[in-house]
Amino acid sequence: MKISRNEVEHVADLARLELSGEEVDQFTGQLDAILSYIDKLNELDTADVEPTAHVIHVGNVIREDRVCDSIPLKETLSNAPETDEGFFKVPKII
Amino acid sequence: MEYEAVIGLEVHAQLKTKSKIFCNCSTAFGAEPNHHTCPVCLGMPGVLPVLNREVVNYTIRTGLALNCTINSFSRFARKNYFYPDLPKGYQISQYELPLCEHGYLMIDVDGRERRIGVTRIHMEEDAGKNIHGEKGDSSSYVDLNRTGVPLMEIVSEPDIRTPEEAAAYMRKLRSIVRYLDVCDGNMEEGSLRCDANISLRPVGATELGVKAELKNMNSFKNVQKALEYEVKRQTRLLEEGGSVIQETRLWDADRGVTLSMRGKEEAHDYRYFPDPDLVPLQVDDAWIEEVKKTLPELPDAKMERFMAEYDLPRYDAEVLTASRELAVYFEACNKEARSPKVVSNWIMGDLLRECKGDDQEILHCPVRPEMLAEMIRMIGKGTISGKIAKTVFAEMMKSGKSPEIIVKEKNLVQITDEGEIVKIVEEVIAANPAQVEQFRSGKEKVLGFFVGQVMKASRGKANPTVVNKLLKERL
């Protein structure tokens with residue numbers, strides 16, 4: 001096995017997902033299959049290959065330090081389930 | 001058993017750029033909630049962050065000032081965690097391959113120099129701000145104006161051994177980022193923030209103990225106090241045979257204790273990975289040279305120069321160069337007054353007291369350097385006495401008027417004319433026969449009494465040298 005039930009539960013927890021016992025079994029099996037498949041790459045000899053930092057060979061995409069207009073507050077808040085006086089309103093954090 | 005503390009600091013410095021790190025929203029402080037936001041900093045799907053050149057420049061500038069290697073190749077990573085002030089669910093930061101590494105900073109505690117290693121300096125984006133409702137309100141309120149404001153995280157080696165050294169390191173760092181003009185250094189407002197890792201180990205041991213991470217220390221004094229508390233707490237734990245657990249603790253400045261955040265925090269598992277939205281950053285020598293040209297004279301170099309060029313004691317040079325504003329003030333004033341030690345005394349005494357040591361107050365102080373210089377020249381020429389100058393200084397502070405005008409308006413010109421002073425001296429001698437008798441019978445100390453009386457009668461304006469001379473002649 002490439003991944004344990006515990007690891008799946010931990011990752012689900014980090015992603016704030018609530019999984020049933022059945023789902024944990026199901027995802028453990030699926031993730032194991034995916035990881036085993038990816039593992040095939042390890043069969044390649046990459047001793048002479050430079051590590052890749054990014055899939056495209058471009059560096060330094062940079063902009064100047066210039067301020068542009070932000071978007072209207074109405075748009076900023078338009079997807080929020082709840083707002084209050086310009087703030088996003090969320091369940092109490094502490 | 002004797003323990004020693006091992007302390008490392010992580011400092012976040014907000015960079016003074018005009019726009020955010022990955023979008024063109026303004027970084028200006030104090031805007032209405034959520035007015036400085038756009039799809040990029042709101043973390044909308046499908047947007048593309050683009051790096052702000054000035055963020056790189058400021059970070060390189062700091063790296064050079066802290067003796068770091070500037071990496072020619074660096075990249076951004078995603079740090080994944082959930083919190084309402086982080087709309088994307090990850091913070092763009094640097095992990096492997098930060099921009100600057102392997103630097104150091106010299107600090108001075110009680111005349112002992114110490115070299116504190118700087119592990120790395122990396123660039124990242126700030127999170128938003130949460131405001132928590134009053135009691136009974138079951139909501140929190142999120143303002144994302146600060147989301148995406150550029151930060152530099154400066155991580156020290158665990159080279160710090162005492163809380164005093166930690167405070168000295170913070171002071172030095174603040175002074176440097178302010179000299180570099182990359183961060184305003186305001187700890188109370190959060191533009192300079194400090195977290196500390198601290199563990200204890202028996203003196204002489206090389207292995208590290210279990211550390212606690214301290215947060216929420218928003219002044220130099222609080223950094224020192226929180227660490228002092230933590231040294232005591234951990235020492236007590238170890239002496240009682242217990243052990244320190246690795247955890248995050250919050251400093252409560254009101255109660256003067258650190259409190260565990262246990263329960264709130266699960267083990268850190270940030271799952272860093274390279275951010276595919278941002279291409280790697282390549283910094284060549286030409287770019288570094290370009291930034292090097294913008295480096296100002298730094299506090300240590302300036303202090304050495306003040307000692308050599310102006311022949312000032314080390315203490316004076318250190319105080320005067322601790323802030324750039326003060327150093328500029330000194331040099332502007334001395335350029336006119338040409339009397340470094342006198343200028344230094346006035347700045348370290350009256351000016352710093354009036355401005356409460358605050359850089360902004362110095363910058364906007366009604367007593368401009370030229371005015372102080374003019375006043376010092378008036379003392380030198382004998383137009384006013386040093387004592388009267390105190391009054392003139394206070395008046396300049398109040399009204400912002402030039403010393404010449406103040407002296408004229410208040411009629412404070414020193415009387416050096418012997419004829420005028422003789423009259424007062426004779427009056428005073430005539431009015432105090434008993435003291436005259438004492439003086440003549442050998443009690444020379446009474447002379448001080450006469451000087452005082454004459455000065456009082458002249459309302460402080462008589463030239464003390466002349467007064468002394470005349471009194472000795474007449475008595």
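**Figure 1. The largest cavity in the predicted model holds about 30 Å³ of space.** A search of the whole structure finds 1 cavity of 30 Å³ or more. Its lining is made up of B:Arg174, B:Ser175, B:Arg178, B:Tyr179, B:Ala322, B:Ser323, B:Arg324, B:Glu325 and B:Asp359. By class, these residues divide into 2 nonpolar, 2 polar and 5 charged. Two helices of chain B, H2 and H7 (324-337), each supply at least two residues of this lining. H2(B) gives the most, with 4 residues. At least three lining residues come from each of domain 1 (3-290) and domain 2 (299-409) of chain B. Rolling a probe the size of a water molecule over the atoms shows where empty space is left.

**Figure 2. The second largest pocket contains about 1,300 Å³ of space.** Its lining has 42 residues, and those nearest the pocket centre are B:Arg171, B:Lys172, B:Ser175, B:Phe220 and B:Ala322. B:Ser175 and B:Ala322 also line the largest cavity. Which elements of chain B each supply at least two residues of the lining of the second largest pocket? They are strand S7 (100-109) and the helices H2 (163-179), H3 (220-239), H5 (299-310), H6 (314-321) and H9 (359-363). The largest share, 8 residues, comes from H2(B). The lining of this pocket comprises 14 nonpolar, 10 polar and 18 charged residues. Domain 1 (3-290) and domain 2 (299-409) of chain B each provide at least three residues of the lining.

**Figure 3. Chain B is assigned three domains: domain 1 (3-290), domain 2 (299-409) and domain 3 (418-474).** The contact between domain 1 and domain 2 of chain B takes 9 residues from domain 1 and 11 residues from domain 2. The C-alpha centres of these two domains lie 36 Å apart.

**Figure 4. Three strands of chain B form an open sheet in the order S6-S5-S16, with antiparallel pairing.** The edge strands are S6 (90-93) and S16 (273-274) of chain B, and each pairs on one side only. Strands of a sheet pair through backbone hydrogen bonds, either parallel or antiparallel. How many bridges join S5(B) to S6(B)? There are 4, and the two strands run antiparallel. On the other pairing, S5 (residues 77-80) of chain B and S16(B) are joined over 2 bridges, again in the antiparallel sense.

**Figure 5. The residues of S5(B) point two ways, and all are buried.** B:Ala77 and B:Lys79 point one way from the strand, and B:Arg78 and B:Asn80 point the other way. In a regular strand the side chains alternate between the two faces of the sheet. B:Ala77 stands opposite B:Pro274 in S16(B), and B:Arg78 has B:Phe273 as its bridge partner in S16(B). The bridge partner of B:Lys79 is B:Gln91 in S6(B).

**Figure 6. B:Ala196 lies in strand S12 (residues 192-202) of chain B.** Is B:Ala196 buried or exposed? B:Ala196 has 0% relative accessibility, so it counts as buried. Leaving aside neighbours within four places in sequence, B:Ala196 is in contact with B:Gly8, B:Leu9, B:Ala212, B:Glu213, B:Leu214, B:Met217 and B:Leu227. The C-alpha atoms of B:Ala196 and B:Ala166 are separated by 8.8 Å, and the two residues are 30 residues apart along the chain.

Key
Residues numbered from 1 in each chain as written. Chains lettered and ligands numbered in written order. Predicted model: local features only at pLDDT ≥ 70, side-chain atom pairs only at ≥ 80, totals over all residues. Heavy atoms only, no water. 1 Å grid on protein atoms, 1.4 Å probe; cavity = no way out; pocket = protein on both sides within 12 Å on 5 of 7 lines; lining within 4 Å. Points joined across faces, edges and corners; volume = space filled by probe spheres on them. Nonpolar A, V, L, I, M, F, W, Y, C, P; charged D, E, K, R; others polar. Domains from an automatic or database assignment. Pairing = 2+ DSSP bridges. Buried < 20%, exposed > 50% of the residue type's maximum accessible area, 1.4 Å probe, protein only. Contact = heavy atoms within 4.5 Å.
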